[in-house]
Amino acid sequence: MATRAQVKTFLDTFLAHWAKNWELIPRRENLATIMEHGLSFKRVHETIMELTISDYVSGPSTDHTFKHHHVWVFGLELDGNEIYVKLFDDFTGGTARCISFHKAGGKMVYPYR
């Protein structure tokens with residue numbers, strides 16, 4: 001588990017990139033959640049911009065595909081549903097990437113709430 005300072009550093013860096021150049025990975029589960037909630041991609045972008053340290057769940061964890069990079073998990077509530085948000089720490093080309101934005105598979109624990 002990361003310290004508050006580590007979460008803040010990651011989130012500040014991620015959101016600075018996300019504000020300028022961002023990508024939501026178009027996985028089926030992500031798109032289904034977005035459609036189910038009637039969200040625009042702009043609203044997803046804005047929602048992620050609102051993440052704070054208190055939304056932190058876990059990370060950094062080694063990415064399954066890119067072993068030299070890490071992922072961070074956050075959670076948020078959307079229309080009464082807990083949403084699992086996984087963010088990637090690779091900012092190649094100045095782009096911030098959200099790997100997951102979908103309903104949580106179970107109850108998440110927020111260590112800084």
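This is a predicted model: local features need pLDDT of at least 70, side-chain atom pairs count only at pLDDT 80 or more; totals for chains, interfaces and linings use all residues.

User: How do helices α1 and α3 pack, and at what angle?

Analyst: Two packed helices are described by the angle between their axes and by the distance between those axes. Here helix α1, residues 4-20, packs with helix α3, residues 41-49, at an angle of about 155°, and their axes lie 10 Å apart. Because angles over 145 degrees count as roughly antiparallel, α1 and α3 are roughly antiparallel to each other, and their crossing is left-handed.

User: Which residues make the contact?

Analyst: From α1 come Phe14, Leu15, Trp18 and Ala19, while α3 supplies His45, Ile48 and Met49; the residues of this contact comprise six nonpolar, one polar and no charged.

User: Is His37 buried or exposed?

Analyst: His37, which sits in the loop between α2 (28-36) and α3, has a relative accessibility of 13% and therefore counts as buried, the cut-off being under 20%. Its side chain is joined to that of Asp79 by a polar contact of 2.9 Å, and, neighbours within four places in sequence aside, His37 touches Leu78, Asp79, Asn81, Ile83 and Lys103.

User: What does the side chain of Gln6 reach?

Analyst: Gln6, a residue of helix α1, reaches with its side chain the backbone nitrogen of Thr3 at 2.7 Å.

Technical notes
Residues are numbered from 1 along each chain as its sequence is written. Side-chain values use heavy atoms; hydrogens and water are left out. Axes are lines fitted to C-alpha atoms, for helices over the stretch in contact, and angles run from 0 to 180 degrees between N-to-C directions. Helices (H or I, at least four residues) and strands (E, at least two) are DSSP runs, numbered from the N terminus. Angles under 35 degrees count as roughly parallel, over 145 as roughly antiparallel, 65 to 115 as roughly perpendicular and the rest as oblique. A crossing is left-handed if the near helix is turned anticlockwise from the far one by less than a right angle, and right-handed if clockwise. Contact means heavy atoms within 4.5 Å. Ala, Val, Leu, Ile, Met, Phe, Trp, Tyr, Cys and Pro count as nonpolar, Asp, Glu, Lys and Arg as charged, and the others, Gly among them, as polar. Buried means under 20% relative accessible area, exposed over 50%, partly exposed in between (1.4 Å probe, protein chains only). A polar contact is a pair of N or O atoms within 3.5 Å; within protein, one must be able to donate a hydrogen and the other to accept it, and residues adjacent in sequence count only if both atoms are side-chain atoms.
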